[in-house]
Amino acid sequence: MTTRALSAAQAGLVACETCKLLLRPVHPDHLGHCPRCGAELEVRRAHSIQYTWALIVAAAICYIPANMLPVMITNTFASSEADTIIGGVVFLFTSGSWPLALIVLVASVMVPLGKLLALGYLLISVQRGMPGGCRERTRLYRMVEFIGRWSMLDVFVDTFTVALVQLQPLMSVVPGPGVLFFAAVVVLTMLAAEAFDPRLIWDSATNLESQNA
Amino acid sequence: MSELAASSQSLMACPECDLLQRIPPLPIGGKAQCARCDFVLATSHADPLELPLTLTVSAAITFAVANTAPLMDLSAVGRQASTTIIGGAGQMWLEGEPITAAIVMFCAVIAPACYIMLMLAVLLAARRSPLPHWVGELLRWGLHVQPWAMYDVMLLGILVALIKIAELATVDPGIGMYAMGVLAVLLPAIMVSFDAREIWQRVAWSDDQQRSASGTDERNYAESGR
């Protein structure tokens with residue numbers, strides 16, 4: 001865009017996050033609720049940076065036991081075998097279905113890790129007031145938001161394996177403690193993506209632009 | 001308390017980068033993207049309310065089938081087992097993972113059920129004029145719960161589980177499985193065919209009479225947008 005960009009915040013307006021209604025607040029400190037949909041009005045999501053950091057730190061901590069602890073324990077009459085997430089990927093790979101192994105690897109290992117790194121990078125770039133690459137960073141945020149739910153895949157795989165393979169006393173599968181941590185990682189990173197306010201990415205760029213103008 | 005900005009309905013702040021911009025009347029099938037960050041600000045559909053309603057009604061029926069019919073039957077050495085979605089979560093609970101079971105239950109049953117019911121209520125109420133005041137509140141909840149309805153993810157998860165188990169036993173997909181496959185298509189289809197702006201423009205405000213002037217404005221805008 002070549003003309004001077006004006007954000008709603010600079011114009012003294014507040015846009016409702018839910019129904020996008022533009023409002024001119026009477027008291028800038030007490031925005032109140034949206035008259036149309038009832039959502040709480042905020043110029044930017046409250047404490048966005050602190051909340052997002054807290055959630056991704058919690059998720060990063062859970063990520064360790066999620067990968068170290070077994071997610072499934074297979075009991076047969078002779079033996080008992082514990083599988084971690086990586087173990088499950090290796091099992092799929094060696095049993096010949098490498099496309100599935102790849103899907104599970106991407107969804108359960110790379111996506112959560114990538115989400116943590118991407119959100120960390122976005123937070124640091126916002127805190128340092130990086131002006132460039134806003135478009136790319138917004139695209140990165142959108143990707144994090146979009147693919148986030150897919151890491152739930154492994155939780156569903158475990159749930160339905162456990163539900164089906166109950167052939168006592170021949171064979172049974174029970175969930176391991178890793179599942180809980182893994183589900184926690186997914187939920188926490190999804191909440192973190194929701195807590196992060198992408199408009200912060202553009203704020204430093206908009207401020208810079210208006211200074212130059 | 002707040003008061004409406006003296007701007008017409010077409011002025012909008014991009015929800016992702018806060019850029020103020022005016023949405024031009026869109027041709028059918030057209031969409032407006034943010035000039036700065038490419039966020040899709042508005043889409044225009046030939047059938048903005050009836051098509052999503054049809055899809056939502058179908059989704060509600062399919063949802064009932066998917067949750068009652070068995071997903072798959074498993075047989076190995078003369079033994080049989082079958083499960084439903086709720087049964088899967090229940091087994092997880094019994095095996096000592098109640099929190100995981102609750103998360104699975106939420107993403108697989110509660111969130112989709114809430115989403116479908118809220119959308120159904122909103123779209124049915126949208127046929128009335130004027131709109132009941134609770135529509136805004138319901139739609140707000142519907143939009144919040146939407147990302148947690150993970151039918152597509154669950155379907156893929158079940159397929160992976162099936163292939164894993166197929167090594168050990170014979171697995172027959174049941175009716176529930178096919179219903180899930182249909183739902184995994186229907187839910188995204190509702191989201192694509194539905195633009196929340198269509199409802200927001202019709203929502204009556206709770207606290208004013210002087211808004212009637214801008215109300216006619218909105219209607220004119222909605223008609224020219226079609």
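Into which domains is chain A divided? In this predicted model, chain A falls into domain 1, covering residues 1–43, and domain 2, covering residues 46–212. The centres of domain 1 of chain A and domain 2 of chain A, taken over C-alpha atoms, are separated by 32 Å.

**Overall dimensions**
- The radius of gyration of chain A is 22 Å, whereas a compact globule of 213 residues would have a value near 17 Å.
- Taken along the principal axes, the box filled by the C-alpha atoms of chain A is roughly 75 × 35 × 25 Å.
- Among the 213 residues of chain A, 43% count as buried, and of the contacts with a separation of 6 or more, 67% come from residues 24 or more positions apart.

**Secondary structure**
- Chain A contains 7 helices and 6 strands, which follow one another along the sequence in the pattern β-β-α-β-β-α-α-α-α-β-β-α-α.

**The four-stranded sheet**
- An open sheet of 4 strands in chain A has the order β4-β3-β6-β5, and its pairing is antiparallel.
- Because β4 (80–83) and β5 (166–167) of chain A each have a single partner strand, they stand at the edges, and one side of each is left without a neighbour in the sheet.
- Strand β3 (residues 72–76) of chain A runs antiparallel to β4(A) and is joined to it by 4 bridges, with N75(A) standing opposite S80(A) in β4(A).
- Helix α5 (residues 153–164) of chain A packs on this sheet, where it touches β3 and β6 (171–175) of chain A, and its direction makes about 145° with that of β6(A).

Note on methods:
Residues are numbered from 1 along each chain as its sequence is written. Chains are lettered from A and ligands numbered from 1 in the order in which they are written. This is a predicted model: local features need pLDDT of at least 70, side-chain atom pairs count only at pLDDT 80 or more; totals for chains, interfaces and linings use all residues. Domain bounds come from an automatic or database domain assignment. Helices (H or I, at least four residues) and strands (E, at least two) are DSSP runs, numbered from the N terminus. The radius of gyration is taken over C-alpha atoms; the globule rule is 2.2 Å times the number of residues to the power 0.38. A residue is buried if 20 or more other C-beta atoms lie within 10 Å of its own, exposed if 12 or fewer, and partly exposed in between; C-beta atoms are placed from the backbone. Two residues are in contact if their C-beta atoms, placed from the backbone, lie within 7 Å. Two strands pair if DSSP finds at least two bridges between them. Axes are lines fitted to C-alpha atoms, for helices over the stretch in contact, and angles run from 0 to 180 degrees between N-to-C directions.
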